[in-house]
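Colleague: Could you walk me through this one, beginning with the sheet and then moving on to the helices?

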Amino acid sequence: MQQQNCKSKPQPVLPKRIILMRHGESQANIDIATYSTTPHNKIPLTDVGLAQAHLAGAHLHRVISDIDTNNPNWRVYFYVSPYERTRSTLCQIGRSFSRTRVIGVREECRLREQDFGNFQAQDRFKAIKETKEKFGRFFFRNPEGESAADVYDRVSSFLESLWRDIDMNRLRHDPCHDLNLIIVSHGLTSRVFLMKWFKWTVEQFEHLNNLGNCEFQVMQLGKGGEYSLAIHHSEEQLVEWGLSPEMIADQKWRAHANGGDWNERCPWYLDTFFNRLADSEDSGESEDIWHETGEKIQQSN
């Protein structure tokens, strides 16, 4: 936790953790025909989903309370998608927290699930899924609905608002307490959130896997001021979620990194965009390219 003089005027501090959780098992998770008869935002949790959410609340409490260190100074603030299955998940999670621990909750429409259109005809599901795999999961737009790219845009807007809330202390957070933000949302929304936060590419996104029902990912603040998934989670978990070796190495580096060193210490990110960067300006390669390109242009004319 960032050090503050608790007797001085409160100053905004970064949350110790930002936790992304997918909702519990819903009726549509066990019967895809539900999408044909029930509005997407009104699909309920199953009894299994309710039990998953209740258990997940106890698990979250254990993680946040740092039970091994017996840290008493922590609070939670919840953001939740407006869908029934996420609201019900949050309600069950809340059974593990006392009123003194919860400093706020906000329904956030920008965290809703990807819009697949209105009622979906069951006989179209297979064809749409096959087309999505061919087209690419990020840019494919569902008929009458959204693409993952559309979700990216509204999640980006939410992140801007989140940073303003933190910077202006709109969350009314006492700097003497560790702040934990818990975002109860959906699988694709969480993947897009991580993509935006860690500046992952579209190609990297395409390899990410969905969270299980009530599974959560902990972005924890490292000593140098960077958030990392590798502080709380094992390498095996990161592999299971679809992170490449380079992405995992970046998460491990972030756990101890100082802000501002990122680009310099991550040459693999540059290699994603460039396949022929010279090691130095002294290589003379730029001059060679200039002359070679000029000769080709002249020959073509």
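This is a predicted model: local features need pLDDT of at least 70, side-chain atom pairs count only at pLDDT 80 or more; totals for chains, interfaces and linings use all residues.

Colleague: Fine. How many bridges join strand β2 and β3, and in which sense do they pair?

Modeller: Strand β2, residues 74-80, pairs with β3 in the parallel sense, over five bridges. Within these strands, Val80 stands opposite Glu107 of β3.

Colleague: And what is the strand order of the whole sheet?

Modeller: The sheet is open and has six strands, arranged as β3-β2-β4-β1-β5-β6 with mixed pairing. Because β3 (102-107) and β6 (227-228) each have a single partner strand, they stand at the edges, and one side of each is left without a neighbour in the sheet.

Colleague: Back to Glu107, then. Which residue forms a salt bridge with Glu107?

Modeller: The partner is Arg87, and the closest N and O atoms of the two are 2.6 Å apart. This pair links distant parts of the chain, since Glu107 belongs to strand β3 and Arg87 to helix α4, 20 residues apart. In total, the structure holds twelve salt bridges.

Colleague: Switching to helices: at what angle do α3 and α4 pack?

Modeller: Helix α3 (residues 47-64) packs on helix α4 (residues 84-93) at about 50 degrees, and their axes are 7 Å apart. The two are therefore oblique to each other, and α3 passes α4 in a right-handed crossing.

Colleague: Which residues of α3 and α4 make the contact?

Modeller: From α3 there are Leu50, Ala53, His54, Gly57 and Leu60, while α4 contributes Thr89, Gln92 and Ile93. By class, the residues of this contact between α3 and α4 are four nonpolar, four polar and no charged.

Colleague: What about α7, which strands does it lie across?

Modeller: Helix α7, residues 187-198, lies across β1 (17-22), β4 (178-185), β5 (216-221) and β6, and runs at about 150 degrees to β1.

Colleague: And how do the axes of α6 and α7 cross?

Modeller: The axes of helix α6 (residues 148-167) and α7 cross at roughly 65 degrees and come within 9 Å, with α6 passing α7 in a right-handed crossing. Residues of α6 that meet α7 include Val151, Val155, Phe158, Leu159 and Trp163, and on the α7 side Leu188, Val192, Phe193 and Trp197 are among them. The residues of the contact of α6 with α7 divide into twelve nonpolar, two polar and one charged.

Methods: Residues are numbered from 1 along each chain as its sequence is written. Side-chain values use heavy atoms; hydrogens and water are left out. Two strands pair if DSSP finds at least two bridges between them. Helices (H or I, at least four residues) and strands (E, at least two) are DSSP runs, numbered from the N terminus. Contact means heavy atoms within 4.5 Å. Axes are lines fitted to C-alpha atoms, for helices over the stretch in contact, and angles run from 0 to 180 degrees between N-to-C directions. Angles under 35 degrees count as roughly parallel, over 145 as roughly antiparallel, 65 to 115 as roughly perpendicular and the rest as oblique. A crossing is left-handed if the near helix is turned anticlockwise from the far one by less than a right angle, and right-handed if clockwise. Ala, Val, Leu, Ile, Met, Phe, Trp, Tyr, Cys and Pro count as nonpolar, Asp, Glu, Lys and Arg as charged, and the others, Gly among them, as polar. A salt bridge is a side-chain nitrogen of Lys or Arg within 4 Å of a carboxyl oxygen of Asp or Glu.
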